[in-house]
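Welcome, and thanks for taking a look at this one. Please have the sequence and the 3D view open side by side as you read.

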Amino acid sequence: MKATGIVRRIDELGRIVIPKEIRRTLRIREGDALEIYTDREGGVILRKYSLVGELGDFSKEYAESLHQAVGHIAVICDKDAIVACSSSSRRDYAAGQPLAPGKPISDELDGVIAARKTVIREASKGDEMFSVAKADDGQSQYTAQLIAPIIAAGDPIGAVILLAKEKSVCFSQADIKVTETAASFLGRQMAN
């Protein structure tokens, strides 16, 4: 645990304020759920709760199934980080790579998730690619991106993403439907 040097008092209702700098750094927004843990030394630990992250193994298998079905890189993320990725090249999602599970998502992807609409970008049509993860240079790496937000109980909680690196890739209607169906299915799983 890393000390921040910030001290806050608990009010009469048992609440504390998490400083703005920490909320910004950890991407904690109004309405986000936090898990509360205690340690053996009497410390209290707050951790941002991720519905998508709760299905980590399931998400990994789902991403692998998507990849096998459509042949493109398949990524599942929550509103903060990549949860699962599957590709024919292990280098795409190995530890330390931009699409590795746990890597924070980019601000552009966060905006797409918040907008709640499927987005398709294809270099062959002159669309500009954007980064999926913060450390990812998406503009040079991908030639097509398909992002379908995951909506659970009316709230955007993540996305299912297909990525292509091959030249002149255009996503088919089947690719779009499969991705939107996967996002819808995951959203229903989270709402239960």
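Does V44 count as buried or exposed, and what is its relative accessibility? V44 counts as exposed, because its relative accessibility is 56% and the cut-off for exposed is over 50%. Do keep in mind that this is a predicted model.

**Overall picture**
- The protein has six helices and seven strands, and they follow the pattern α-β-β-α-α-β-β-α-β-α-β-β-α along the sequence.
- Of its 192 residues, 40% count as buried.
- The accessible surface comes to about 11500 Å², with 50% of that belonging to carbon and sulfur atoms.
- If you take the contacts between residues at least 6 apart in sequence, 51% of them join residues at least 24 apart.

**A nonpolar patch on the surface**
- V44 sits in strand 2 and belongs to a nonpolar surface patch together with I10, I16, L34, I36 and L46.
- Together, the residues of this patch have about 580 Å² of accessible area.
- Strand 1 (34-38) and strand 2 (44-48) are the elements that give two or more residues to the patch.

**Helix 4 and its cover**
- Helix 4 spans residues 107-115, and its buried residues are L109, D110, V112 and I113.
- These residues lie on the same side of helix 4, because they cover an arc of only 160° around the axis.
- Their cover includes strand 3 (73-78), strand 5 (119-122), strand 6 (144-152) and strand 7 (155-164).
- Just after helix 4 comes R116, with a positive phi of about 65°.

How values were computed
Residues numbered from 1 in each chain as written. Predicted model: local features only at pLDDT ≥ 70, side-chain atom pairs only at ≥ 80, totals over all residues. Heavy atoms only, no water. Helix = DSSP H or I, 4+ residues; strand = E, 2+ residues; numbered from the N terminus. Buried < 20%, exposed > 50% of the residue type's maximum accessible area, 1.4 Å probe, protein only. Contact = heavy atoms within 4.5 Å. Areas by Shrake-Rupley, 256 points an atom, 1.4 Å probe, with all protein chains shown as cover. Patch = residues over 30% accessible without salt bridge, like charges linked within 9 Å, V, L, I, M, F, W, Y side chains within 5 Å. Salt bridge = Lys/Arg side-chain N within 4 Å of Asp/Glu carboxyl O. Arc of directions from axis to C-beta.
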